[in-house]
Structures are given as C-alpha cells and as structure tokens.
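Me: I'd like to learn how to read a ligand site and a pair of packed helices. Could you walk me through an example?

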Amino acid sequence: SDDVAAPGGGGGGGGDLITVGFAQTGAESGWRSANTESMNEAFSEENGFELVFNSADNDPAAQIAAVRSFINQGVDAIVIAPIVEDGWDDVLQEAQDAEIPVILEDRTVSASEDLYASWVGLDFELEGQMAGEWAAEQFTEPTNMVVLEGTTGSAPANDRAAGFDAAIEGTPIEKIDSQSGDFTRDGGKSVMEGFLQKHGADGIDLVYAHNDDMGLGAIEAIEAAGAVPGEDIKIITIDAVRDGMQALVDGKINYIVECNPLLGDAAAELVKAVLNGEEVAKTTIVEDQAFDQAAAEAALPDRTY
Ligand code: AHR
C-alpha cells in the first residue's frame, strides 16, 4: 500500500550532497525553534545534505510558493512542515510530475497520500485526548473553560480540539469560548485578555491552550488581571518545551502533554531511503509523554529545548 515516490532528478548543484528544500511553517513558538534546530542538525553537510531553508512566517500562500520555487530549482527532495492541512493538491502534483519526492514532517495534509512519499510526525488527536482525559479526571464540578486554539486550519489545531472535546464529553466542563492565538505567545496573551474582559477572571476556571507559548501568554494576561494562574485559573497546554515545563514546576501551568519536536533524524533517514528507492512507511508516529508538576521537576534538568 506504500507508494514510494521516484528518486529525484538531481541537479541541485550540491556536488555529491543531496539537496533538500525545507519549507518550515515559520518561527511562531519555542517548539518550532527546537524543530528547526533538529532539522538543521540532521540535514547537515556532514550528513551528506545541502539544506535550502525557507520559513514562511505562517503564511500558507508563501509556503506553497516556496515549495514551487524548490521544484523550479530542481532540488533532490522536498521536506514540508505544512502550515495548514488544505490546499496542497496542486503543488504536490507538480512535485510528483517533476519526480521530486516530498516528505512531510510534523504536520500533515488533507491531500491524497499518493502525492507524498512519507510523513513523520505526532498523533495530535491523542495529545488532545490525553489533555482532555486529565481535565475530565480533575474537574468534577461545573467548570468554565476557554480554549486558545492553534493556527486555524492546521492539523494540530484541528486534531487537538477533536481529541480533547471527545475526552471531556459528558463531564461538567463547559467550553464557554474558543479562539485562535496562532500558536504564539503574543496571540495567546491578547486572546486571553479578550476572554478576561468578556467573562471576568471569576468567570473562567480553566484554559486549554493548544501549545505552551499561548499558555505562557495567557499567564501574563491572567496576572495582569490580578488573578493567580495555576490556582484561580488552571492551565493545560501541549508541547513541553523548557519555558512551559518551568511554568509547570512553578505551579503556573497545571498539566502539559508533550509534542516531540526532534524529528530531524527521522526525516533525514526517510529522505535518504526514498532517494535510494527503498520502501518506506507512509506514516511514522513519534510517541509523546505527559507531565504533571512532579514529572516536570524530574524532566526539566535534562530538557535541551
Ligand atoms: O505542529 C506542532 C505545533 O506547531 C506545536 O505544538 C506548536 O508549538 C507549533 O507551533
């Protein structure tokens, strides 16, 4: 069932190096910085690669244009961390017509699986489910929850919402508001400011943020409103980057589900295997953990990102 894309036509100009165009989403979060670093390390010259890096600043049209430019440059392979799920059919077809294999990393797309060679990423729905199961256990009295959503149309925003919502079904947790903070700290802060104005700090018991950065922005807004994050208003986030884990240790965040950003080595191995004509798995899921305060205290000293 696994269709392996044909090896690329070469001509990337990197000598013996494999030329790879990498279309990154942007630099929206601490998670993203760690992911970019992991990719840069794995796709190093030492490992036989010449990496052509593009950061699209979370603009889906700019990201598609970057992929098109990689095709025109004749790179050997293309790696994409797709900002949104939809809209990929045409450009993926163009890459396939040019016999340039595409590997997806981190997020996935809604286009046909036949249009890309492989995807290495995370089970975002399970992440949402793990967060929701913890909330369902903790909140047994009527609870007003607000949600800070990730980038609209992105796989993690869609799937983390679905997984969480399913897990809290039938519980006394009520979602009273939900809005995108675009996975950024500033976005999380300003959306939370709006929620606090609208509902009052007393009217909000729980924040579910689709990533640490938005949760960290929400902490600033809650403190500015004179309430205590982690106590007056509980916070659940996803990612488990250092800043988030520190806030969990400090008691300002209550629970974090991990999203592993260290996908570079797996992506690089997939690129080499596909270019060698080897059969590769269509999907590789990297496992995530979850952290309460004690687990965060134990893990923080070894957290490198
Ligand atoms: O796609 C993974 C998500 O993107 C991370 O949770 C978030 O921090 C990043 O911006």
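Reply: Gladly! Start at the ligand: one of its oxygen atoms is 2.9 Å from an N or O atom in the side chain of Asn211, a polar contact being a pair of N or O atoms within 3.5 Å. This is a predicted model, where local features need pLDDT of at least 70, side-chain atom pairs count only at pLDDT 80 or more, and totals for chains, interfaces and linings use all residues. Residues are numbered from 1 along each chain as its sequence is written, and side-chain values use heavy atoms, leaving out hydrogens and water.

Me: How far from an oxygen atom of the ligand is a polar side-chain atom of Glu28, and how far is one of Asp239?

Reply: For Glu28 the distance is 2.4 Å, and for Asp239 it is 2.6 Å. The residues around the ligand (a heavy atom within 4 Å) also include Trp31, Arg107 and Phe183.

Me: What describes two packed helices?

Reply: The angle between their axes and the distance between the axes. Here H6 (residues 185–199) and H7 (residues 212–224) pack at about 45 degrees, their axes 7 Å apart. H6 and H7 are therefore oblique to each other: angles under 35 degrees count as roughly parallel, over 145 as roughly antiparallel, 65 to 115 as roughly perpendicular and the rest as oblique.

Me: Is the crossing of H6 and H7 left-handed or right-handed?

Reply: Right-handed, meaning the near helix is turned clockwise from the far one by less than a right angle. In the contact (heavy atoms within 4.5 Å), the H6 residues include Met192 and Leu196, and those of H7 include Leu216 and Ile222.

Note on methods
Axes are lines fitted to C-alpha atoms, for helices over the stretch in contact, and angles run from 0 to 180 degrees between N-to-C directions. Helices (H or I, at least four residues) and strands (E, at least two) are DSSP runs, numbered from the N terminus. A polar contact is a pair of N or O atoms within 3.5 Å; within protein, one must be able to donate a hydrogen and the other to accept it, and residues adjacent in sequence count only if both atoms are side-chain atoms.
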